[in-house]
Amino acid sequence: MSITLFSLGAAEEVTGSKHILEVNGKQIMIDCGAFQGSRKISDEKNRDFEFEGDKLESVVLTHGHYDHCGLLPVLTKKGFNGNIYATPATRDIANLVMMDSARIQARDAEFLGKQAHKKGEKFTWRPIFDEEDVVKCANQIVSLSYNREMYVGPNVKLEFFDAGHILGSAFALLTVTDGGKDTRILFTGDIGRKEKPIIRKPATEMPAPDYIVMESTYGDRLHENKEFAMKELEKVVRDTCSKKGKIIIPSFAIERVQELVFYLHLLTDKKKIPVVPIYVDSPMAANATSVFRVHPECYDESVNEAFLKHHKNPFGFSSLKYTTSVDESKALNEMDGPMIIISADGMCEAGRVLYHLANEIGNERNTILIVGYMAENTLGRRIRDGEQEVKILGDMYQVKAKVQTINAFSAHADYEEMTTWLKEIDTSRLKNIFLVHGEKEAQSFFTDHLKKNGFPNVTTIKYDEKYEL
């Protein structure tokens, strides 16, 4: 039997995960994510995505983040009509993310077309996919709960285990059977953290894999612990509020928003921070929060205790408001501080956060709080790295607001946490670890670290290079 592994995305880079397991000529794609970076590069990479349609048997989706599910409608648009396997919560989250992307592309096309018309220029840009493509794609998603088995290809069985990253996220264990012999390949997707609130910690009880295709986003970095993060968040809120400033938090609408709301709720209840207006300015975040409410099977015990047994809502409290309309969003820029605005996009490349940044980044009373990974060549990365002047919506702005980063809010495990997880699972059969979803420097550091910790066989996957298993 021939088993081959290769990647068409997130190979020596972060975002755009697209991994292929080929078994006797039939392919199973694990994730089909959009690349996220500068607008021009992202559009080129996502638009030029190609796959072998006659070989593609099925798709396995590890979780609903855009860089893992964002190009699924392209598969549908190009004729793929097979099954897409995901957990129930991932199905719901991914549908939100894909539809939001389609609507953003439609709005961008309208806006850019008008701009080109005003300048007398020819406009040729078109969305990569539309809402109709998303609807077709959604109809192909087959739900599979954790710890259940299903065949996803000839002699290939899938089982999901909780990855503890976001709601519904999963490790995908693919077992290839040949003549009574099993070969197990574990795709981690993104690995979560034990200390995260709301959702359960990453699973460690699962059959021993022969190969692990493993993320490495924070392969060279360590996160602060939860207690430190809470103190830092408290300090940022208190300091900025004392200046009557605004705290702008660029955040992914899925998981990060809900977690920040959870922490701010705790700090307010404990009177650690003043009662200050908090606005979640993202329609998708409001919708995603509704999805969180209907998937209690993914909660950890502490949230089950507070939410299910005592009917307390961890995602809403008196000083919190979800804004959905454009007028409500614009009104925030006219209001005086203090206030907290949590807004998408998490890497500051699209969405309402751009308008808040343009309005607030030049005011030294304000704080831009970075709470997650910022990919190379994104506005968020430039702000995080301390550039004094940045381009927002085509205009240059001086960065006078205070910029602060709290890495502890990341949903990705750091290199020590990933190594600990490896040591806790059964690696008695492990032949090799393949690294994906990481920048080259992080993967190099992580490779050395793994080897020092008893994992000698580590390979960094290169784009479209074939690996025989």
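**Reading charges, rings and the backbone**

Guide: Arg381, Arg384, Asp385 and Glu439 are linked in a network of salt bridges. The model is a predicted one.

Visitor: What is the general idea behind such pairs of charges?

Guide: Side chains of opposite charge can pair when their charged atoms come close. In this structure, a search of the whole finds 26 salt bridges.

Visitor: How many residues apart are Lys136 and Glu132 within helix 5?

Guide: Lys136 and Glu132 are 4 residues apart in helix 5 (residues 131-138), so about one helical turn separates them. Their salt bridge has its closest N and O atoms 3.6 Å apart. Lys136 is partly exposed, because its relative accessibility is 41%.

Visitor: Which parts of the chain does the pair of Arg200 and Asp162 tie together?

Guide: These two side chains, Arg200 and Asp162, form a salt bridge at 3.2 Å, N to O. Arg200 belongs to the loop between strand 10 (181-187) and strand 11 (211-215), and Asp162 to strand 8 (residues 156-162), so the pair ties together parts that are 38 residues apart in sequence. Arg200 is partly exposed, with a relative accessible area of 29%, whereas Asp162 is buried at 8%.

Visitor: Are Glu360 and Lys246 buried or exposed?

Guide: Both Glu360 and Lys246 are buried. Their side chains meet in a salt bridge of 2.8 Å, N to O. This pair links distant parts of the chain, with Glu360 in helix 11 (residues 353-360) and Lys246 in strand 12 (residues 246-250), 114 residues apart.

Visitor: Which residues form a positive surface patch?

Guide: Lys226, Lys231, Lys270 and Lys272 form that patch. Among them, Lys231 is part of helix 6 (residues 226-242). Lys231 counts as exposed because its relative accessible area is 60%, and the cut-off for exposed is over 50%.

Visitor: How many aromatic pairs does the structure hold?

Guide: There are 7 aromatic pairs in the structure. One of them joins Phe262 and Tyr263 edge-to-face, at 6.3 Å centre to centre and with 70 degrees between the planes. Phe262 is buried at 15% relative accessible area, and Tyr263 is buried at 4%. Elsewhere, ring pairs link Tyr211, Phe434 and Tyr467 into a cluster.

Visitor: How far apart in space are Trp421 and Ile191?

Guide: Their C-alpha atoms are 9.0 Å apart, although Trp421 and Ile191 are 230 residues apart in sequence. Trp421 is in helix 13 (residues 415-424) and counts as buried, at 5% relative accessibility.

Visitor: What is the general rule for phi and for peptide bonds?

Guide: Most residues other than glycine have a negative phi, and most peptide bonds are trans. Here, Ala10 has a positive phi, near 60 degrees. Ala10 is in the loop between strand 1 (3-9) and strand 2 (18-23), and it is buried, with a relative accessible area of 0%. Asn147 also has a phi near 60 degrees. Asn147 is in the loop between strand 6 (141-143) and strand 7 (149-153), and it is partly exposed at 43%.

Visitor: Where is Pro338 found?

Guide: Pro338 is in the loop between helix 10 (326-332) and strand 15 (339-343). The peptide bond from Gly337 to Pro338 is cis, with omega near 5 degrees.

Conventions: Residues numbered from 1 in each chain as written. Predicted model: local features only at pLDDT ≥ 70, side-chain atom pairs only at ≥ 80, totals over all residues. Heavy atoms only, no water. Patch = residues over 30% accessible without salt bridge, like charges linked within 9 Å, V, L, I, M, F, W, Y side chains within 5 Å. Areas by Shrake-Rupley, 256 points an atom, 1.4 Å probe, with all protein chains shown as cover. Salt bridge = Lys/Arg side-chain N within 4 Å of Asp/Glu carboxyl O. Lys, Arg positive; Asp, Glu negative; His and termini not counted. Charge placed at Lys NZ, Arg CZ, Asp CG, Glu CD. Helix = DSSP H or I, 4+ residues; strand = E, 2+ residues; numbered from the N terminus. Buried < 20%, exposed > 50% of the residue type's maximum accessible area, 1.4 Å probe, protein only. Phe/Tyr/Trp six-rings, centres within 6.5 Å; stacked < 30°, edge-to-face > 60°.
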